[in-house]
Amino acid sequence: MSVDLNALKTPGPTITALTQPFWDAAAQGQLKIQHCEDCGRPVFYPRPICPHCWSKRLVWKEASGKGRLKSFSQIRKPGHPSWLPAAPYVVGLVALAEGPTMLSFILPGARPPHVGDALLLAPTAIGGRVLPAFKPVETATEEK
Amino acid sequence: MSQAKGAIVGIGELKPQRLTSGVTTLEMIAEVARLAVFDAGLEPAAIDGLLVGPQVGETPQHVPATIAEYLGLAPTMANVVDLGGASGAGMVWRAAAAIEAGMCETVLCVLANNREEAPSRSPNRNPIREFDVPFGASGANISYALLMQAHMAEHGSTARDFALIAAAARANAQLNPDAIFYGKPADVEAVLASPIIASPLHLYEIVMPVAGGEAVVVTSAERARSLRKPTVHLLGAGEKVTHRAVSQAPSLTSGPLKSAMARAFAQSGTRADEMDLLSLYDCYTIMVATTIEDAGLCAPGQFGAWLRDHDLTHNGDKPLNTHGGQLGFGQPDLAGGMTHVVEAVRQLRGEADERQIGKAELALVTGNGATMSEATALVLGAA
């Protein structure tokens, strides 16, 4: 993957007033997710009510940015033509340390991705906007 | 076995085509509805219930009314069933339930799609569009690749295990002249040699999109006795919907079909290992693998060993998708799920010609929509 991701004409998020705080934070290089003040559980993706207890007392909190790779795929034939210049590239399911799972772009590491890899938030400019991508945490042995 | 809940008395199927030219979905619905109603030996006026899919290109809203008008029907029960690939199986129990509720007596369940050169894409603002697509994840291939990778990581299943499913589908399709891959077998080596689309998924593990149409006619068990074709009873049904986006799936290696099949077996007083035909929804190889495990035919993670232990052909010990499955037949959009119902009816009637299975008394039909999200299971039985 040597392409300039930021130069891609990829479709961006379809932002609403409700989800604006998530994307505003993303533009600042942060990952913010909702938490329910009634049942205490984290919520992703953003909603007007908590999907666990249906409370409306949801607040935005910055996430740790730590995650674990639940699954991944190296995309050779993208589903959207705007991604063709970037192929092959990797997307993955990231289990955030806070609990919820989100799909994200996984930056290349020193070795191919494996399920269970520790990940860190790696804000990346893709298609003209900064998105909350992730990168593998390189282990000490591999850094030698 | 429990009392039958309704009976399938008519089936219709259009030969899959890669592309149509200037044909509307409504025209195709009319063609396949006619086949099913005449197969049942019924007059169109006998149809007083109508179940249709949501993707009729010519009319995004008021779909049942548009189709009823087009077909000259005046149903007393009409509805859209919007469960993706589970829509076909989902229609069958809903038809039986509507009949039992006294809303109607004979229901046409119909799904068809054209496939024009330049399909129109609907504007989409759902959470997948907002939170998955911007990261480069568009379309079902990637979602099922994620499920497959998770299965491999959790259970140590191999690319070769999955390829067995695609190869078996292609082999069975060689006995179905209508199948899109008729005359085009592919063994395990050919499946593994086909290009990787989204790792670990190979091209031949993915259904081929086609135009087509499928329809069934469901009536009461009582009325079925007076009709001309051997009756196929609905003995049990189950359904479960858990999520839409793969990131929100409660599990990546077991799906809502587990609960849906358990209910269908309980309602019908049957077990998975009693089925004479497995008509399992197969948009991708991983879907069949997970369904075999969720049905309890083998332990979680052991589908590969199970496949090697059994013969999946029409004269084998575990006939699976004798029409070729969607992997061999082609996937006519939502009607793809209904191919599993139509083939089960053919087999239970003893009308499957050179691919007829031996003992044909019980069939399991599964439907699956989105990413292992919407699930319907049916147990069908010969009279």
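Reader: How many bridges join strand β1 (residues 32-36) of chain A to β2(A)?

Author: In this predicted model, strand β1 of chain A runs antiparallel to β2(A). One of the pairs across them is A:Gln34 with its bridge partner A:Val43 in β2(A). The bridges that join the two strands number two.

Reader: Which strands of chain A stand at the edges of the sheet?

Author: The open sheet has three strands in the order β2-β1-β3, with antiparallel pairing. A strand at the edge has a single partner, so one side of it is left without a neighbour in the sheet, and this holds for β2 (42-43) and β3 (58-62) of chain A.

Reader: Why do the buried residues of α1(B) line one face of the helix?

Author: Helix α1 (residues 25-39) of chain B has 15 residues, and those that are buried include B:Thr25, B:Met28, B:Ile29, B:Val32 and B:Ala36. An α-helix has 3.6 residues a turn, so residues three or four places apart point the same way. Seen down the axis of α1(B), the buried residues line one face because they fall within an arc of 155°.

Reader: Which elements of chain B do the buried residues of α1(B) pack against?

Author: The buried residues in question include B:Ala33, B:Val37 and B:Asp39. Their packing partners, together with those of the other buried residues of α1(B), are β1 (7-13), α2 (63-71), β4 (106-113) and β7 (212-219) of chain B.

Reader: Which element gives the most to the side of chain B that touches chain A?

Author: The contact takes 27 residues from chain B and 30 residues from chain A. On the side of chain B, the elements that give two or more residues are α4 (127-131), α5 (140-155) and β5 (196-198). With seven residues, the element that gives the most is α5(B).

Key:
Residues numbered from 1 in each chain as written. Chains lettered and ligands numbered in written order. Predicted model: local features only at pLDDT ≥ 70, side-chain atom pairs only at ≥ 80, totals over all residues. Helix = DSSP H or I, 4+ residues; strand = E, 2+ residues; numbered from the N terminus. Expected span 1.5 Å × (residues − 1). Buried ≥ 20, exposed ≤ 12 C-beta atoms within 10 Å, placed from the backbone. Arc of directions from axis to C-beta. Contact = placed C-beta atoms within 7 Å. Pairing = 2+ DSSP bridges.
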